[in-house]
Amino acid sequence: MKNKVEWKPGNMLYPLPAVLVSSRSGDGRIDVCTVAWAGTVCTNPPMIGISLRPSRQTYAFISETDVFVVNVTTEEMTHAVDYCGVKSGKNENKFETAHLTPVPAAHIDCPMIGESPVSIECRVKEKLALGSHTLFIGEVVGVHVDASYVDAKGAFHFSDVKPIVYCHGEYRGIGKAFGTFGYSVRKKKNKREDSDKKGNKKEVSGKTGNCTKDSENKTGFHGKERKRVVDKSSLNGDNTIRRSGRTGLKGTESGSAGKGRSGRGETRRGKKSTGS
């Protein structure tokens with residue numbers, strides 16, 4: 001057993017998701033904020049929890065409208081993720097300054113982020129004041145995914161997204177997979193059965209051809225009109241996404257704000273910290 005020492009409480013659980021939470025005020029202003037204290041809290045009904053400091057403008061906006069969108073981020077979005085964490089939306093429109101595209105959501109009056117591969121619409125069910133942060137628990141009312149990551153069978157390839165996480169002051173990518181769900185108890189196949197199945201697959205593939213994600217991209221989804229609505233029932237443990245429509249990018253929206261300070265807790269750059 002390795003020697004362990006007692007450590008200070010605070011940001012104890014790493015890595016954390018580095019998501020962008022978009023919101024809208026009661027008078028129509030929009031904002032986007034980096035949040036690391038976020039995660040799934042329930043499967044049925046599907047729910048997501050995010051923790052925010054009361055000093056954040058996103059806190060005020062969500063308190064007014066009871067809606068928000070959680071947007072998954074990628075390696076290409078790292079600069080925007082950091083910027084939206086250290087800058088306050090009280091004195092600028094971060095959608096514009098971070099070069100992010102607001103996209104109308106399907107079920108709530110709140111913008112999604114066009115550059116995000118996954119955008120999750122949420123309606124607040126509970127608001128819990130815990131101390132330095134308040135926990136907003138939102139029921140998922142709609143999920144939108146970038147169609148270029150969906151294959152011909154309707155499966156979403158999250159590994160191709162290249163999402164980022166936050167870990168002790170650093171934004172990091174996700175490394176190689178070391179196993180799949182249930183592999184530790186899965187019954188091993190004997191080599192003969194395995195080789196027979198591989199032979200059958202080769203024979204079928206020779207007659208019918210293979211449908212790959214690349215071929216779908218060449219014939220289907222181009223440009224920025226790429227988000228697809230996913231029924232929230234597909235979140236209940238099913239790795240296959242059922243598609244029920246598509247939304248496109250519709251220009252930009254603008255917001256206004258005053259001056260304020262960013263909160264602490266979830267991400268940091270120098271002495272400034274972000275998240276909620």
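Which residues touch the most other members of the largest nonpolar core? I found that Ile50 and Phe68 do so, in a core of 25 residues, where a nonpolar core is a set of buried Ala, Val, Leu, Ile, Met, Phe, Trp, Tyr and Cys residues joined through side-chain atoms within 4.5 Å, and buried means under 20% relative accessible area, exposed over 50% and partly exposed in between, with a 1.4 Å probe and protein chains only. Among the elements that give two or more residues to this core are β2 (19-24), β5 (47-52), α1 (57-65) and β6 (67-71); helices (H or I, at least four residues) and strands (E, at least two) are DSSP runs, numbered from the N terminus. Apart from this core I noted another, of 19 residues, including Met77 and Cys84.

The model is predicted, with local features needing pLDDT of at least 70 and side-chain atom pairs pLDDT 80 or more, while totals for chains, interfaces and linings use all residues. Residues are numbered from 1 along each chain as its sequence is written, and side-chain values use heavy atoms, without hydrogens and water.

I then looked up helix α2 (residues 78-86), in which 7 of the 9 residues are buried, Cys84 being one of them.

For the backbone, I recorded a cis peptide bond between tyrosine 14 and proline 15, with omega about -5 degrees, and another between asparagine 44 and proline 45, with omega about 0 degrees. Aspartate 66, in the loop between α1 and β6, has a positive phi near 60 degrees, and I list aspartate 66 as partly exposed because its relative accessibility is 38%.
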